[in-house]
Amino acid sequence: MLELTDISKVFFPHTVNERRALDGVSVRLASGDFATVIGSNGAGKSTLLNVVAGRYTPEKGTVAIDDHDVTAMAEHRRAAMVSRVFQDPMAGTAPHLTIEENLAIAYQRGRSHGLGRGITRAKREFFRTELTTLELGLENRLGAKVGMLSGGQRQALSLLMATFVEPRVLLLDEHTAALDPTRSALISRLTAEAVERHRLTTLMVTHNMQQALDLGNRLLVMHEGNIVLEVDAAAKQAMTADQLLDQFRRATGGEVSDRTLLTE
Amino acid sequence: MLSWLPGFEGFITFEANTVSALELGLIFGVMALGVYLTFRILDFPDLTVDGSFTTGGAVAGILIVHGVNPWVATLLALVAGLAAGTITGLLHTVGKINPLLAGILTQIALYSINLRIMGKANLPMLREVTIFDPMRNLGLLGTWASVLVLAVVAALFTALIVWLLGTNFGLALRATGDNEPMARSQGVATNRMKVIGLALSNGLVAVCGATMAQYQGFADIGMGIGLIVAGLASVILGQALLGRRSVVIAATAVVVGSVVYRAVLQAALSLEIPVINFKFEANDMKLISAVLVILALLLPRWTPIRRMRSRRREKREEQAQAALRAEEEGRLSRAGAH
């Protein structure tokens, strides 16, 4: 369960560049909820994710995960509960480490980094099985450096690393945006499968209206640092991308980001 | 061994030079491993080294002069090195000071501290008991036997580093240097990793300083000057020669690089150009080592060499990539059908 209460985040306070990125946002995701978030540029979507992840500390408000207040908890500590996939496929993996070494680091998320072997035979078997679910043949290339993989493969690996040690909250920050349509579709499918398989509480930012409708059971529309519209599962199912765009325009006063996609 | 033969005096000096170059290369190999930890693993060019090397020599020297067991003295030099690295690490992580500046600040501060430790600029320990005594007493120092012993010691340190980098801690350390935001998002305390990495690195460097002081029979305030260049030269030279495909290869390459570096210096020293009556002196070493590092950095980028290397690499990678891509395309077309 993820509960954000009255979150405000201001960048460059008391300067001419002061920008209110989040303005009293409150939202509650029940355990297993999968919410997609859309919004115009600068609506505060990424800031919201960064506040949940602990990269930014909000000026006001609280972040609670499973009823624990984690607002002041450092990012690397919060990683025991929160995992994330970034938009940039290069951001989520270490290029000079092998596939299995990257997985071993993710496997250790939330545990101590002691002097036990990083990779054991048992772990390797586990990694192999998990990689098989990606259907990319990576299970046969455990010793390959991640820097050798394509963007799509790296993003699939990042997704696996974020989900196979089940986090309390999964954050997806436009994680299919930098990929071509085929690979984007693949990552979307893998995302749906992983969230379903582990029943993860998920918050996903996207600029793709169709993806926002296809994935998850809730849809949030953000504008100028707040949530201006919420669509529930039933309404979401019946809605088309055009209708969503219409609603979006009405809720945000007509502003649409030039990156917003109606369809794939 | 062939000294009774007339005309072989030259060979004898050559052999003696080779042995001493190997001995030095292997001793400094431990320092190069320390530089490898920061420069390559943490991606942190740490200039503390010049100071912490001398700190190691100074701590071991003053303790040995006061009759402390040389092994204990070397161990305490390690502790001093750990402390020096920790300070640079804290300056960078807590103080948010730029890596180069943090290293230089500790280095310059250590200069005064080293003088305080030694009490004077040069501390002779010629008749003291050192860790080299067992070998010296058996008459092994400066022979191939001592080269073998030092090679075993260097191999042990290399194995220790390789083992460490394969633990969960080691993976976290490597991830910190490779992609820090990723490491943090995976729960790695990256600041703590940097401090520990810098401490370990300077610990190794100080042990090397302590060993070197005992090997040469004195500790000197200037013994560490320019050593970061020697360390970088070893890392860059060795890895240019052997590559760094795996941690084992990369770490071994560093020690090999250290030996090659000393051999090149030795060769440069014995170089003579008769016509203009030119000969390098010991004081030219810093210049030679700087030029050597510059060459090691620039040569791989020189077009003919780059072409040769990339052709070799391309062939290797092309095969791997082709297989990989074929596989991925297959999966993708299947995924599209879903």
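Modeller: Let's start with a term: a residue counts as buried if 20 or more other C-beta atoms lie within 10 Å of its own. Keep in mind, too, that this is a predicted model.

Biologist: Good. How many residues of α9(B) are buried?

Modeller: 23 of the 27, so α9(B) is largely enclosed by the rest of the structure.

Biologist: And how far apart are the end C-alpha atoms of that helix?

Modeller: They are 39 Å apart. At 1.5 Å a residue, helix α9 (residues 190-216) of chain B should span 39 Å, so the two agree. Just past α9(B), look for Gly217(B), which has a positive phi of about 85°.

Biologist: Over to chain A. In what order do the strands of the open sheet come?

Modeller: The 4 strands of chain A run β2-β1-β4-β5, with antiparallel pairing. At the edges are β2 (19-29) and β5 (68-69) of chain A, each pairing on one side only.

Biologist: How many bridges join β1(A) to β2(A)?

Modeller: There are 8, and β1 (residues 2-11) runs antiparallel to β2(A). To trace the pair, find Leu2(A), which sits opposite Leu29(A) in β2(A).

Biologist: Which strands does helix α1 of chain A lie across?

Modeller: Helix α1 (residues 45-53) lies across β1, β2 and β4 (60-65) of chain A, at about 65° to β2(A).

Biologist: Now the contact between the chains. How many residues does each chain give?

Modeller: Chain B gives 27 and chain A gives 35. On the chain B side, α7 (168-178), α8 (180-185) and α13 (303-337) each give two or more residues. The largest share, 8 residues, comes from α7(B). By type, that side of chain B has 10 nonpolar, 11 polar and 6 charged residues.

Definitions and conventions: Residues are numbered from 1 along each chain as its sequence is written. Chains are lettered from A and ligands numbered from 1 in the order in which they are written. This is a predicted model: local features need pLDDT of at least 70, side-chain atom pairs count only at pLDDT 80 or more; totals for chains, interfaces and linings use all residues. Two strands pair if DSSP finds at least two bridges between them. Two residues are in contact if their C-beta atoms, placed from the backbone, lie within 7 Å. Axes are lines fitted to C-alpha atoms, for helices over the stretch in contact, and angles run from 0 to 180 degrees between N-to-C directions. The expected span of a helix is 1.5 Å times one less than its number of residues. A residue is buried if 20 or more other C-beta atoms lie within 10 Å of its own, exposed if 12 or fewer, and partly exposed in between; C-beta atoms are placed from the backbone. Ala, Val, Leu, Ile, Met, Phe, Trp, Tyr, Cys and Pro count as nonpolar, Asp, Glu, Lys and Arg as charged, and the others, Gly among them, as polar.
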